[in-house]
Amino acid sequence: MGTIMKNKTIRTFALQATVALSLVASSYANAAQLLNSSYDIARELFTQLNSDFKTQWDAQHPDDKVTIKQSHAGSSKQALAILQGLPADVVTYNQVTDVQILHDKGKLIPADWQQRLPNNSSPYYSTMAYLVRKGNPKNITSWQDLTREDVKVVFPNPKTSGNGRYTYLAAWGAFEKAYGNEAQTRDAMTKLLKNVAVFDTGGRGATTSFIERGLGDVLISFESEVNNIRQQYGEDDYQVIVPPVDILAEFSCGMD
């Protein structure tokens, strides 16, 4: 399976993000400053998109220029920060529930937030994949392999990261499909979680633990992200594995 976030999808997302930012910026006047609260591994993506949007907006509104700031951490942690007072103008998270909670718990966005932008305000999607070291020395190809005693796993904490939550749900679904009953599914999940070398709060921290600290035998993250990591740190040194049973991870954006 190739990288899911293809160029066409990125262009679609760029357009949708531009629409969201435009709607927010239009509600301000005279040198508006906007804060985009986003998930941990989206720094580089939004650095580029925000710059492109600012150039376009400033050219079209010379008397109403905009400054865009970014805030990044685990998606669930970011949503909690907003509920506790972080003054974000746009949210771009990697799971629907972290946007929905801003309405359910804080009434900070409209109930119909998903209808305000195309594709239910989910401009792109990915799935979970494994990044292993050269040659895949532990022969890791499936979720079941992650329960073996000789395998150590790295992925973010599901309590603070959408990345980690998708990993948890993908593993649960794969085990449930393989075993067909809750007892064996729970047993497999217990074994997998015991094999976690470190629970970082977000995807970027998990990448640092695996790549720079050398922890674990496999890093689990979004397929788009592990392909980017492999390109950044050496295609000859790492290998991407997409498990045969996986999950659809939809990324959402919202605004007040």
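Modeller: Let us start with Ile 220, which, leaving aside neighbours within four places in sequence, is in contact with residues including Met 128, Tyr 130, Trp 143, Leu 146, Phe 155 and Thr 167. This is a predicted model, in which local features need pLDDT of at least 70 and side-chain atom pairs count only at pLDDT 80 or more, while totals for chains, interfaces and linings use all residues. Residues are numbered from 1 along each chain as its sequence is written, and side-chain values use heavy atoms, with hydrogens and water left out.

Biologist: What makes Ile 220 and Thr 167 a contact?

Modeller: A contact means heavy atoms within 4.5 Å, and Thr 167 is among the residues that Ile 220 reaches in this sense.

Biologist: Why is a set of residues called a nonpolar core?

Modeller: The name applies because its members are buried Ala, Val, Leu, Ile, Met, Phe, Trp, Tyr and Cys residues joined through side-chain atoms within 4.5 Å. Buried means under 20% relative accessible area, exposed over 50%, and partly exposed in between, with a 1.4 Å probe and protein chains only. The largest such core here has 32 residues, and Ile 220 is one of those that touch the most other members, along with Met 128, Tyr 130, Trp 143, Leu 146 and Val 218. Helix 5 (162–179) is among the elements that each supply at least two residues, and helix 5 gives the most, with five; helices (H or I, at least four residues) and strands (E, at least two) are DSSP runs numbered from the N terminus.

Biologist: Why is Tyr 168 called partly exposed?

Modeller: Tyr 168, which is found in helix 5, has 30% relative accessibility, and therefore counts as partly exposed. Not counting residues up to four places away in sequence, Tyr 168 touches Pro 158, Met 189 and Leu 193.

Biologist: How do you know that Asp 89 has no salt bridge?

Modeller: A salt bridge is a side-chain nitrogen of Lys or Arg within 4 Å of a carboxyl oxygen of Asp or Glu. For Asp 89, which is buried, the nearest side chain of opposite charge, Lys 69, is 10 Å away, and no salt bridge is found. The side chain of Asp 89 does reach the backbone nitrogen of Leu 35 at 2.8 Å.

Biologist: How much of the protein chain is buried?

Modeller: Buried residues make up 50% of the 256 residues in the protein chain.

Terms used
Lys, Arg positive; Asp, Glu negative; His and termini not counted. Polar contact = N/O pair within 3.5 Å; in protein donor to acceptor, adjacent residues only side chain to side chain.
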